[in-house]
Amino acid sequence: MNKKVQLQNLGRKDYKETWDYQEELFSSIVADKLQKRTQPDIETANYFLFVEHPHVYTLGKSGDFSNLLLSEKQLEAKGANFYKINRGGDITYHGPGQIVGYPILDLENFFTDIHKYLRLLEEAIIMVLADYGLKGVRSDGETGVWLDVGTPFARKICAMGVRASRWVTMHGFALNVNADLGYFDNIIPCGIRGKGVTSLHVELGRAVDELEVQQKIIRYFSQLFEAEIIN
């Protein structure tokens, strides 16, 4: 099993370009897995992409289009794009000030359990939030990381949506760090009514060093997955 994970920081990159790149990496891993059936010595690669997207709304394969509250003209006026994509989950927003992570892993290098995979991604974010004095928690039936679940002030700070096929993953999580939360007013985030969204910036009352947050995420990810991070 290959537990090395190649870390790539893509900087700010268009959503569709990044999606296409994810698909390339995903397809290359799947092709290697097929070849591995006859050549057992082949190792399948693992990747972890960090990226920041320009303003964009994405809708998961089972999502409800009515959760987007903007017309095509209004999207254009806000300088935002919209894509219906092949991950799980409903609608979400990506934009500047948000850390997006796409682990593209052959889970057979780690474990074959999608539920465990999602819970460990959540745990990495929960551990990061704890470093900033925030108690991140899970909400039953709602993937991602939240604050103050079970109160009238429940709010999501990190959204998650993944795709997995042949035990290879793509897509991932979006943690609001310094994001403009006003863009979430144009959707029903994740299709969940009556709950808000928040960011590290809002919770701490100050701008947060995004590189520092990335470093914390990858450190806890490597611990939880027992992975070796390769830059």
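Reader: What does Glu122 touch, leaving aside its neighbours within four places in sequence?
Author: Glu122 is in contact with Arg138, Thr143, Gly144, Val145 and Met160, where contact means heavy atoms within 4.5 Å. This is a predicted model, in which local features need pLDDT of at least 70, side-chain atom pairs count only at pLDDT 80 or more, and totals for chains, interfaces and linings use all residues. Residues are numbered from 1 along each chain as its sequence is written, and side-chain values use heavy atoms, with hydrogens and water left out.

Reader: Is Glu122 buried or exposed?
Author: Glu122 has 1% relative accessibility, so it counts as buried. Buried is under 20% relative accessible area, exposed is over 50%, and partly exposed is in between, using a 1.4 Å probe and protein chains only.

Reader: And where does Glu122 sit?
Author: In helix H3. Helices (H or I, at least four residues) and strands (E, at least two) are DSSP runs, numbered from the N terminus. Glu122 and Phe221 are 99 residues apart in sequence and 9.8 Å apart in space, C-alpha to C-alpha.

Reader: OK, how do H3 and H5 cross?
Author: The axes of H3 (residues 114–131) and H5 (residues 210–225) come within 9 Å, crossing at roughly 135°. That angle makes H3 oblique to H5. Axes here are lines fitted to C-alpha atoms, for helices over the stretch in contact, and angles run from 0 to 180 degrees between N-to-C directions. Under 35 degrees counts as roughly parallel, over 145 as roughly antiparallel, 65 to 115 as roughly perpendicular, and the rest as oblique.

Reader: Which residues make that contact?
Author: From H3 they include Tyr117, Leu121 and Met127, and from H5 they include Ile217, Tyr220 and Phe225. By class, there are 13 nonpolar, one polar and four charged residues. Nonpolar covers Ala, Val, Leu, Ile, Met, Phe, Trp, Tyr, Cys and Pro; charged covers Asp, Glu, Lys and Arg; the others, Gly among them, are polar.

Reader: Switching to strands: why is E6 largely enclosed?
Author: Seven of the seven residues of E6 (residues 98–104) are buried, so the rest of the structure largely encloses that strand. Gln98, Val100, Tyr102 and Ile104 point one way, while Ile99, Gly101 and Pro103 point the other. In a regular strand, side chains alternate between the two faces of the sheet.

Reader: Which strands are joined to E6?
Author: Strand E2 (residues 47–52) runs antiparallel to E6, joined by five bridges, and the bridge partner of Leu49 is Tyr102. Strand E10 (residues 168–176) is also antiparallel to E6, with four bridges, and Ile99 stands opposite Leu175. Two strands pair if DSSP finds at least two bridges between them.

Reader: What about the open sheet of three strands, what's its order?
Author: E4-E3-E5, with mixed pairing. E4 (81–84) and E5 (91–94) are at the edges with a single partner strand each, so one side of each has no neighbour in the sheet. The twist averages 20° from one strand to the next. Helix H1 (residues 15–36) packs on this sheet and touches E3, E4 and E5.
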